[in-house]
Amino acid sequence: MKGDSLAEFYYRRGQARQRLGRTREAIEDGEKAVHAARGQVDYSRYLAMRQFLAIQYGIAEDLGKALSIYMSMTQDAERSGNRGWLFNIYRHIISRSIRIGDFDQAAKYLTKSEALLREARGGAAAGWGKFPIKRFGWEGDVENSRALVLESQGRYADAETAYRRAEELRRIHYSRNPETAGPQHQQDQNIASLIADQGRMKARQGRTAEGEADLRRALIDRLRATGKYQVETLDFVRKFANLLIDEGRYEEAEKLIRAQVAALREMGIADESPITAKSLKLLANVLNLQNRWGEALTVIETLRSATSSWEPDRRDRFLLDDSFILALFNSNKLSAGLSAAERWFALCKERFGSRHVMTAMARGYVGIGLAQAGRDLDAEHEFKAAIPVLLKSSSEDYDEDSAFRAASEQRVREIFDVYLTVLARNQDCIYAAAETALRLADAARGGSVRRAISAASARMAARTSELAEMARKKQNLEKQLGVRLRLLNNMLSVSPIERDERKIKELQSEIAQLRFEQASTKQALDLRFSGYAKLVDPEAPGADEVRAVLNQNEAFLSFYFGRKWGFAWAVPKSGPIVFVRLNISSSELASRVEALRGPFTSNVGSIGEIPAFDVRAGYELYERILKPLAEVWQSADSLVVATNGALGLLPLGLLPTKPPIDDVDLEIPFTGYRGVPWLTRTHAVAYVPSASALTALRNLPSPLRARDSLIGFGDPLFGREQIISAYTSLSSDAEVGVERRAPGGRLARRALPRTRNVVGANLAALPRLPDTADELRSIALALHSDPVKALRLGEVANEQVVKSTDLTKYSVVVFATHGLVPGDLEGLTQPALALTAPDIAHVPGDGLLTMDEILGLKLDADWVILSACNTGSGSGQSAEAASGLARAFFYAGTRAVLVTNWSVHSESARELVSDVFRRQSLDPHLSRTQALRHAMNSMIDGPGYLDREGHSLFSYAHPLFWGAYTIIGDGN
């Protein structure tokens, strides 16, 4: 066989083996192809074969070998007159340089690539005669290279733009050069990769819904084109699974990962290969996140066997982590688990130093093992060393792998859970440790709500451009630090034979320098702008700091629910803090809350179908979680509650404080519920994400200017047929306050039609809510605002009006409409408020004010009212006391949010919300929470739903009507 034919044979066979994941054989074929091709084939073809070989070495984690091939290719391309190849070669050099932590080399080659493109644009006279044909492909390579460097710097928004531009240029190049742009499957693969890269960047900016849409689109495209038996396609599966893990959708992620592992095995790729081993590791992680320890251990044992031939140091670095150790601890393999935890601690200390958050995590796991062995004093010693670091740690210390991020909070929860259990075993230590435990509970809850409040607090405090610039510098340093820590972790995970120790030391030195700059910037901020650090990175406050912001009539209750136990703290305005262990786990709590919420979330259409509320079960939950603290909070009249888990989805005001009386009639017309001793009868309740969020909110600066009382958006129009009914109602509502009532037997709730998973469901499928206009008018009158000036109804309740209005001018902002969650409409991937359809309002947009768009608003509001349906619904594995919409409004700049925890009844919602504002208007000293409590009690005791003759048809005493509302934030 001739040399050129032989080279082509090995090249094509190597490509086939690559697609099957047989990397070692692909490398062998690549070496043979390059050897046979030298001097026998067209030089451009020779470069393609060498590039293929370099890619295979990269897949095999031999980055040094891959880089050496690319470096030699640059010289050959220059000498042979194939300079156009340099754009692609430089892109690969940049990618590999970043993977080994050589950022200077990556930046250098980006500069060379940009300079080369400027030269190419000079035209044929400079030797670039192919520029008109190759232009868009070359420009796409440069944009891709720029995106890689921007991503390595933590500039995710800029990287997203560059990836998108690279995709656009690639598409143009392929459409204009279909015959010379390479095989179609490779073109499609490149486009899908760039789409997935955009998705990753969106997710890292917190836009996970958008990121998911991109990654899903890329994955579906590859599955349709090639099926699942391709290594490149399975890489898209892994990326998508990581995003699902990051969103807490563990079951969906598990299905994808299992399918990926099965496909790899069917393709004949051994478990010991890095590709399959990484997938198995990811599977073990997601099983642990679901507390399925036995199954996780089975996967880990498979991994231990598969990697037995690996170099010991590399094997330890690959296997040892919390997932491995937790599986051992929870499968009664205590000795092996403790030994593994000690080795993990030693490795983390070597990698990151003794004061790094990961080292503290590992040390905490040593404490867990010691506690399980009954060595409480030794365990407490490890916990005390680990916990201060964990309390002071911030998000930039974490690796950016999605499974790692998702597990990080679980790590803290496991450490905290066991630490509190140790304290509970020694009664003499409980009260002495209550202060430390309270702080750790605050840090362990963490959560995006607290971070959103901190961000809003910082922005409100940023009165000068100098402060804003320093704040941006600090944020950029944090991003760069996070990227480099992730790279250091990746570099240390490979075999010592393969890794570049010089580059590792350089990267560690760079990390140290970034930490120094970060500390210097923080110090400068503290000196120049005192109090800034408390706003943007608040330390968990102790009992005295909480007391300082409490009113005389308030008590702060903190709950933490772990895997085995619950723990609770009560902090009064004065007197000792109380700390108790609760005999209820997070999973049992979730089951009880779900059962109690049943009557409110059931899809019923008439009054007669409303299920009874289980008063006895409600009292039993009260006994389990609130009664043990009653000696502290009963003397107060307002409670501020911080919690994790499912308790955030149940307004505490609807828990009965005494056992039910058996002979009370609890059936329709619901009057029997008036006699139930609800907690709301005696106490007002507000939720906060954490104690630090409470202190941050109550230390916010006062508004800089006088504000108007109200702006409200409601009664939007979703379909053109609703226009006629809107004008008809306007003509008949000559006077303010006209009531619209549903027929007595029908339950008129602000619920959605069953649009979820209906193909083609769009904004026009939503029913109009004309009663929301009445609600807004009632609120306006209660606040002495002119409804004509304060309200945006019908056509003007649209996206453009919301976004173009200076919302910082209003103390109260109200949205009375449908609240949507992902899946309610086709293509909806994030929480949203439904506004007037753009074709009716003649404005751009999609008629949905999404969570991302709310984040872009600027408010200076005392509170935002979300009088809709499901605006308080939580999501993910650990529901916090706020929805995505509430988080967004905190970031936008409000001090409190009123949300609904289920679909509200229209008439009662209007009466209750307007009553809240009437009461505050009559008594300016009345707090938000007390105004809400009084309005609830008035509704319980009131006449209820009246017919047109004024006769009561049924009572509003059932908690479905009054119990949905929760104030999140500052209840004052």
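# A walk through helices, sheets and salt bridges

Helix α12 covers residues 250-266, and its 17 residues should span 24 Å at 1.5 Å a residue; the end C-alpha atoms are 24 Å apart, which agrees. This value, like every other one below, comes from a predicted model. Along α12, the residues Y250, A253, E254, I257, Q260, V261, A263 and L264 are buried. An α-helix has 3.6 residues a turn, so residues three or four places apart point the same way. After α12 comes G268, which has a positive phi, near 85°.

The protein contains 40 helices and 16 strands. Of its 972 residues, 58% are buried. Among contacts with a separation of 6 or more, 73% are made by residues 24 or more positions apart. The accessible surface of the protein amounts to about 38800 Å², and carbon and sulfur atoms account for 50% of that surface.

The strands may be considered next. Strands of a sheet pair through backbone hydrogen bonds, either parallel or antiparallel. In this protein, 11 strands make up an open sheet with mixed pairing, in the order β3-β2-β1-β4-β5-β16-β13-β12-β8-β6-β7. Its edges are β3 (578-582) and β7 (791-793), each of which pairs on one side only. From one strand to the next, the twist averages 20°. Helix α38 (residues 906-922) packs on this sheet and touches β8 (810-816), β12 (863-866) and β16 (965-969). The direction of α38 makes about 160° with that of β12.

Strand β1 (residues 554-561) pairs with strand β2 (residues 566-572) in the antiparallel sense, over seven bridges. The two strands form a hairpin, with four residues between them. Within this pairing, A555 has P572 of β2 as its bridge partner, and F559 stands opposite A568 of β2. Strand β2 also runs antiparallel to β3, to which five bridges join it. Here A570 stands opposite V578 in β3. The hairpin of β2 and β3 has five residues between the strands, and in it G575 takes a positive phi near 105°.

Is strand β2 buried or exposed? Seven of its seven residues are buried, so β2 is largely enclosed by the rest of the structure. Both faces of the strand are covered. On one side lie G566, A568, A570 and P572, and on the other lie F567, W569 and V571, all of them buried.

A further open sheet has three strands, in the order β9-β10-β11, with antiparallel pairing. Its edge strands are β9 (819-820) and β11 (848-850), each pairing on one side only. Two bridges join β9 to strand β10 (residues 832-834) in the antiparallel sense, and L820 has A832 in β10 as its bridge partner.

The structure holds 46 salt bridges. One of them joins E301 and R304, with N and O 3.5 Å apart. Both residues belong to helix α14 (residues 293-306), where they lie three residues apart, about one turn of the helix. E301 is partly exposed, with a relative accessible area of 33%, and R304 is partly exposed as well, at 30%.

Helix α27 (residues 586-601) holds E588 and R592, which are four residues apart, about one turn of the helix. Their side chains meet in a salt bridge of 3.1 Å, N to O. E588 has a relative accessible area of 27% and is partly exposed; R592 counts as partly exposed at 24%.

In helix α32 (residues 771-782), R777 and D774 are three residues apart, again about one turn of the helix. R777 forms a salt bridge with D774, and their closest N and O atoms are 3.3 Å apart. Are these two residues buried or exposed? The cut-off for a buried residue is under 20% relative accessible area. R777, at 13% relative accessibility, therefore counts as buried, and D774 is buried with a relative accessible area of 2%.

Salt bridges may also join into a network, as they do among E212, R216, R249 and E252.

Conventions. Residues numbered from 1 in each chain as written. Predicted model: local features only at pLDDT ≥ 70, side-chain atom pairs only at ≥ 80, totals over all residues. Heavy atoms only, no water. Salt bridge = Lys/Arg side-chain N within 4 Å of Asp/Glu carboxyl O. Buried < 20%, exposed > 50% of the residue type's maximum accessible area, 1.4 Å probe, protein only. Pairing = 2+ DSSP bridges. Axes fitted to C-alpha atoms, helices over the stretch in contact; angles between N-to-C directions. Contact = heavy atoms within 4.5 Å. Areas by Shrake-Rupley, 256 points an atom, 1.4 Å probe, with all protein chains shown as cover. Expected span 1.5 Å × (residues − 1).
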